[in-house]
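Here is a colleague's note for someone opening this structure for the first time. The points below are meant to be read with the sequence and the model side by side.

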Amino acid sequence: MSLRIAKIFLLIAVAFYYTLVVFNNLTDYGSNYAFVHHVLLMDTTFPGNRGMGRAIHSTLVQTMFYDGIIGWEGATALLTWIGVVQLLRAVRKQPTVFNAAKRYSIIALTLGMLLWFTAFISVGGEWFLMWQSNIWNGEDKAFHIFVVLGIILLLVALPDTEAQQ
């Protein structure tokens, strides 16, 4: 039972984190928009790099990109909260029922990991060369969150057995 409770509390922490992220992005839209703006503009990458043709100058596209990230974070938060509820409902049930209740949690954690790996590490870091910026570089933070989510995903995905009850 303690492992089940640990899984649930870690998922609550993830859901809370994503809820705060969405809240912050919506209530202080401009601060994080500035980050996205500069990454897509590539204005703080190495001078003369050959990737500058990738820069996006359209504020409309930048806004759509940022709004897409917020939507992705919102979907992750919602799915994680649904996963928490599903696990709470199954916490005292047979292992097969508890294992089946992990579906939303696993989807949510995977979606969260894909956000940080795809949008920030791959697209931001490599396509828009965010790694070259001393000012607008979020790769370390993205990697940190990706790893934390991955560890939680591995723990949640561990099958519960009769012996654990």
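How do the residues of the lining of the largest pocket divide into nonpolar, polar and charged?

1. Overall layout. Please keep in mind throughout that this is a predicted model. The chain has six helices and zero strands, and from the N terminus on its elements run α-α-α-α-α-α. Along its principal axes, the C-alpha trace spans about 60 × 30 × 20 Å, and of the 165 residues of the chain, 40% count as buried.

2. The largest pocket. This pocket has a volume of about 310 Å³, and of the 15 residues that line it, those closest to its centre are Asn 25, Asn 32, Glu 73, Trp 116 and Phe 120. To take up the opening question, the lining residues divide into nine nonpolar, four polar and two charged. At least two residues of this lining are supplied by each of α1, α2 (29-41), α3 (59-90), α5 (103-127) and α6 (139-157), and α1 gives the most, with four residues.

3. A search of the whole structure finds two cavities of 30 Å³ or more, and the largest cavity has a volume of about 80 Å³. The residues that line the largest cavity are Phe 35, Val 36, Val 39, Leu 40, Phe 65, Ile 69, Ala 119, Phe 120, Gly 124 and Met 130. The elements that give two or more residues to this lining are α2, α3 and α5, with the largest share, four residues, coming from α2. By class, the lining of the largest cavity has nine nonpolar, one polar and no charged residues.

4. The salt bridges around Asp 160. Side chains of opposite charge can pair when their charged atoms come close. The count for this model comes to three salt bridges, and Arg 4, Lys 7, Lys 102 and Asp 160 are linked in a network of them. Each pair is taken in turn in the next three points.

5. Asp 160 with Arg 4. In this salt bridge the closest N and O atoms are 2.9 Å apart. The pair links distant parts of the chain, for Asp 160 is in the segment after α6 and Arg 4 is in helix α1, 156 residues apart. Asp 160 has a relative accessible area of 5% and is therefore buried, and Arg 4, at 4% relative accessibility, likewise counts as buried.

6. Asp 160 with Lys 7. Here the closest N and O atoms of the salt bridge are 2.8 Å apart. Because Asp 160 lies in the segment after α6 and Lys 7 in helix α1, this pair ties together parts that are 153 residues apart in sequence. Lys 7 is buried, with a relative accessible area of 1%.

7. Asp 160 with Lys 102. The side chains of these two residues meet in a salt bridge at 3.2 Å, N to O. Lys 102 lies in the loop between α4 (95-100) and α5, whereas Asp 160 lies in the segment after α6, so the pair ties together parts that are 58 residues apart in sequence. Both Asp 160 and Lys 102 are buried.

8. The surface at the start of the chain. Met 1, Ile 5 and Phe 9 make a nonpolar surface patch of about 280 Å². Of these residues, Ile 5 lies in helix α1 (residues 2-27), and because its relative accessibility is 35%, Ile 5 counts as partly exposed.

9. Where does Arg 92 lie, and is Arg 92 buried or exposed? Arg 92 lies in the loop between α3 and α4, and at 72% relative accessibility Arg 92 counts as exposed, because the cut-off for that class is over 50%. The C-alpha atoms of Arg 92 and Met 1 are separated by 8.0 Å, although the two residues are 91 residues apart along the chain.

Methods: Residues are numbered from 1 along each chain as its sequence is written. This is a predicted model: local features need pLDDT of at least 70, side-chain atom pairs count only at pLDDT 80 or more; totals for chains, interfaces and linings use all residues. Side-chain values use heavy atoms; hydrogens and water are left out. Patches are made of residues with over 30% relative accessible area and no salt bridge: like charges are joined within 9 Å, nonpolar side chains (Val, Leu, Ile, Met, Phe, Trp, Tyr) within 5 Å. Accessible areas come from the Shrake-Rupley method with a 1.4 Å probe; for residues, only the protein chains shown count as cover. A salt bridge is a side-chain nitrogen of Lys or Arg within 4 Å of a carboxyl oxygen of Asp or Glu. Buried means under 20% relative accessible area, exposed over 50%, partly exposed in between (1.4 Å probe, protein chains only). On a 1 Å grid over the protein atoms alone, a cavity is a set of points where a 1.4 Å probe fits but cannot get out, and a pocket is an open set with protein on both sides within 12 Å along at least five of seven lines; lining residues have an atom within 4 Å of a point. Grid points are joined across faces, edges and corners, and a volume is the space filled by probe spheres set on the points. Ala, Val, Leu, Ile, Met, Phe, Trp, Tyr, Cys and Pro count as nonpolar, Asp, Glu, Lys and Arg as charged, and the others, Gly among them, as polar.
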